Amino acid sequence: VPDLIQLPECARKLLEHLYPRIDWDRVNFYHGIPKYILIKSVGITLPNPIGFGGFRVYLKNVDFCSTDAIATLVHEAFHVQQFMFMGRGLGVFRPGFIKYGICYASNLGKGDLYDRNPYEIEAEAYEAAFRKCYASHKVCDCTSGEPVFSQDALDALEKCNPELVLRAFKVPTCGKWWAYPLAVIVVLIVAVLLFIVHLFDLLKCDYLEEQARDCKEWGKKVRKECSEWADQGYSDCAHWADHGYSTCSQWADQGYSKCCDWKPCKWFCDALIWIANWVCVASVWVSNMVCHAWIWIGNMVCVAWTFLVQVVCLIWTTVLRTVLLCWWR
Ligand SMILES: [Zn+2]
């Protein structure tokens, strides 16, 4: 049974640098290949079978001092990138994964399906390019026996081949018309089967540990989004108010210039415009205050809601971990 692992800092920083677009909080790594994967493989990437947006990367070799282990990790991360940007779904039933199936099925009857799949062709090409540079720039420096992050090696790796940093992503093109329904049906069946198999993960300590960590990460991220939203809102309010004040004064200037110029009439006209201008400025000020208050309340609700969901999530996982005696195992 594969175990949930934490990547060493060097591997994590390497991946974050090579794939800046991937949301790494949604990706978990496991040591070992699930038994139901019948083909021999050194690594496999699956959408989380009991989740909507997460991914699981299974690795046979987790000795990150070895170039092979790092290259496999980088190869699998390439698949995460291919899958992640086509959207979420139920378990493995996701657009990116179905597209992989379409590409796979399109070569039926033509020999090696794996080697002909453009998803694999691109991942293999990337892995090969990576290996070429990594051989002389080991980001996981193991001179001390342990994999230690080397910023110099990472800089040199990028210099060696700047295209290794994947800022853009593309979806491989492929597919015979009949491969579409075929892939949808097959992936749907696989999704149901894997959902049932992985349902028992809910009774596993390492899965619960992962969930607890997800709750925390999720809360942190959403609270940051709340405050970014509020900052944007405050600046929009201020912008709007500035515009309002200048409209008031423009309007008043125009008004003064249009006033009649014989004495009692001018006094009366000026006084009227002065009052109207003051009312205009006051209403902009009040609206600006309301705008700020509204954003402030919105931010508070956003933060409080996130906090509540996070607390419920943490209590729930903590209770389950206690019931399953996870703390003492
Ligand atoms: Zn692959």
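Predicted model: local features only at pLDDT ≥ 70, side-chain atom pairs only at ≥ 80, totals over all residues.
Trainee: Let's start with helix packing. At what angle do the axes of helix 1 and helix 6 cross?

Mentor: Look at the angle between the axes. Helix 1 spans residues 9–18, and helix 6 spans residues 151–160. Their axes cross at roughly 30 degrees and come within 11 Å.

Trainee: Are helix 1 and helix 6 roughly parallel or roughly antiparallel?

Mentor: Angles under 35 degrees count as roughly parallel. Helix 1 and helix 6 are therefore roughly parallel to each other.

Trainee: Is the crossing of helix 1 and helix 6 left-handed or right-handed?

Mentor: Right-handed, as helix 1 passes helix 6.

Trainee: Which residues of helix 1 and helix 6 meet?

Mentor: Helix 1 brings K13, L14, H17 and L18. Facing them in helix 6 are L154, L157 and E158. Sorted by class, this contact has 4 nonpolar, 1 polar and 2 charged residues.

Trainee: What does Q82 touch?

Mentor: Skip residues up to four places away in sequence. Then Q82 touches Y119, E122 and P172.

Trainee: Now N299. Where does N299 lie, and is it buried or exposed?

Mentor: N299 lies in helix 9, residues 263–323. N299 counts as buried because its relative accessibility is 13%.

Trainee: Which residues is N299 in contact with?

Mentor: Leave aside its neighbours within four places in sequence. The contacts of N299 are then C226, S227, W229 and A230.

Trainee: What separation do the C-alpha atoms of N299 and D270 have?

Mentor: Read chain spacing and spatial distance together. N299 and D270 are 29 residues apart along the chain, and their C-alpha atoms are separated by 43 Å.

Trainee: Now disulfides. How many are there?

Mentor: A pair of cysteine sulfur atoms within 2.5 Å counts as a disulfide. By this rule there are 11 disulfides.

Trainee: Take C133 and C160. What is the S to S distance?

Mentor: The disulfide joining C133 to C160 has S to S 1.9 Å. C133 lies in helix 5 (residues 118–134) and C160 in helix 6, so this pair ties together parts that are 27 residues apart in sequence.

Trainee: Is the disulfide of C133 and C160 left-handed or right-handed?

Mentor: Read the torsion about the S-S bond. For C133 and C160 the torsion is about -80 degrees, so the disulfide is left-handed. Check burial at each end too. C133 is buried at 4% relative accessible area, whereas C160 is partly exposed at 39%.

Trainee: Which parts does the pair C205 and C326 tie together?

Mentor: First the bond itself. C205 is joined to C326, S to S 2.0 Å. The link is left-handed, with -90 degrees about the S-S bond. C205 lies in helix 8 (residues 205–258) and C326 in the segment after helix 9, so the pair ties together parts that are 121 residues apart in sequence. C205 is buried at 19%. C326 is buried at 12%.

Trainee: And where do C237 and C291 lie?

Mentor: A disulfide joins C237 to C291, S to S 1.9 Å. This pair links distant parts of the chain, with C237 in helix 8 and C291 in helix 9, 54 residues apart. The S-S torsion is about -80 degrees, so the disulfide of C237 and C291 is left-handed. C237 counts as buried at 0% relative accessibility, while C291 counts as partly exposed at 26%.

Notes:
Residues numbered from 1 in each chain as written. Heavy atoms only, no water. Axes fitted to C-alpha atoms, helices over the stretch in contact; angles between N-to-C directions. Helix = DSSP H or I, 4+ residues; strand = E, 2+ residues; numbered from the N terminus. Parallel < 35°, antiparallel > 145°, perpendicular 65-115°, else oblique. Left-handed = near helix turned anticlockwise from the far one by under 90°. Contact = heavy atoms within 4.5 Å. Nonpolar A, V, L, I, M, F, W, Y, C, P; charged D, E, K, R; others polar. Buried < 20%, exposed > 50% of the residue type's maximum accessible area, 1.4 Å probe, protein only.
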